[in-house]
Amino acid sequence: MKDIDREVKASIRSIIDKRIIAIKEEGSTNEDLLGILLDSNFKEIEQHGNNNYRLSIDEIIDERKLFYFAGQETTGNLLVWTMVLLAQHKDWLAQARDEVSLVFGGEKPDIDGLNRLKIVNVIFNEVLRLYPPVGSLTRMIHQQTKLGNIKLPAGTILQLHNMLVRHDRDIWGDDVKEFKPERFYNGVSKVTKG
């Protein structure tokens with residue numbers, strides 16, 4: 001396991017080193033997450049005039065690994081639950097298949113076509129609602145904040161449990177536990193009762 005970790009770190013460090021050279025020669029490259037992270041790091045150093053405010057290379061490597069592996073797991077979970085639910089709901093599977101055939105025919109999928117897949121999009125939104133890939137979100141409040149009638153002091157840690165929110169009958173209605181992608185036909189912001 002340690003050998004794999006060393007190999008992954010060395011690979012990421014090589015990518016970072018090449019990107020740092022490119023940034024120094026050509027300027028910022030905000031075309032991907034690593035470019036944004038490195039550019040932000042350099043700007044912090046420029047603004048504050050020292051290295052105390054920057055991320056170390058090891059911290060950048062750790063961030064990069066986190067995004068990569070977390071992205072793999074969450075995407076994998078989404079696809080598995082989508083396949084399970086479509087296997088149980090053949091009508092939605094047929095609609096998605098027909099839509100993909102209509103939009104792409106025998107052509108290779110492209111971003112414009114993917115953006116036109118309304119049925120597939122509502123299916124993914126419903127799968128994400130029923131089986132969120134991240135169980136909870138944790139955030140720290142940095143300054144005193146009022147949440148409803150409650151005053152929360154700086155340093156308070158809030159944790160939002162996604163399954164409870166996405167399965168709340170008061171928010172989603174009586175059919176909260178049912179697979180109903182059509183609830184997303186009019187967009188994400190118009191789905192809930194509130």
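Predicted model: local features only at pLDDT ≥ 70, side-chain atom pairs only at ≥ 80, totals over all residues.
Select His 142 to begin, and with a relative accessible area of 70% this residue is exposed, where exposed means over 50% relative accessible area, buried under 20% and partly exposed in between (1.4 Å probe, protein chains only). His 142 sits in the loop between β1 (136–140) and β2 (145–147); strands here are DSSP runs of E with at least two residues, helices are runs of H or I with at least four residues, and both are numbered from the N terminus.

Residues are numbered from 1 along each chain as its sequence is written, and side-chain values use heavy atoms, with hydrogens and water left out.

Next, select Asn 162, which belongs to helix α7 (residues 162–166) and counts as buried because its relative accessibility is 6%. Not counting residues up to four places away in sequence, Asn 162 touches Pro 132, Val 134, Gly 135, Ser 136 and Leu 137, a contact being heavy atoms within 4.5 Å.

Now move to helix α1 (residues 2–26), whose 25 residues reach 36 Å from the first C-alpha to the last, close to the 36 Å expected at 1.5 Å a residue; the expected span is 1.5 Å times one less than the number of residues. Colour Ile 12, Ile 16, Arg 19, Ile 20, Ala 22 and Ile 23, which are buried in α1, and then step on to Gly 27, which follows the helix and has a positive phi, near 95 degrees.

Helix α6 is the next selection, and its 13 residues reach 18 Å from the first C-alpha to the last, close to the 18 Å expected at 1.5 Å a residue. Buried residues in α6 include Ile 119, Val 120, Ile 123 and Val 127. Centre the view on Ile 123, which, leaving aside neighbours within four places in sequence, is in contact with Thr 82, Leu 86, Trp 92, Ala 96, Phe 179 and Pro 181.

From there, show the largest nonpolar core, where, of 18 residues, Trp 92, Ile 123, Val 127 and Phe 179 touch the most other members; such a core is a set of buried Ala, Val, Leu, Ile, Met, Phe, Trp, Tyr and Cys residues joined through side-chain atoms within 4.5 Å. The elements giving two or more residues to this core are α3, α4 and α6, and the largest share, six residues, comes from α6. Apart from this core lies another, of eight residues, among them Ile 20, Ile 23, Leu 34 and Leu 38.

For the last stops, select Ile 171 in helix α8 (residues 169–172), which counts as partly exposed at 27% relative accessibility. The C-alpha atoms of Ile 171 and Thr 192 are separated by 5.5 Å, although the residues are 21 apart along the chain. Finish at Gly 106, in the loop between α4 and α5 (111–115), which counts as exposed at 81% relative accessibility. Draw a distance from Gly 106 to Met 163, 57 residues away along the chain, and the C-alpha atoms are separated by 38 Å.
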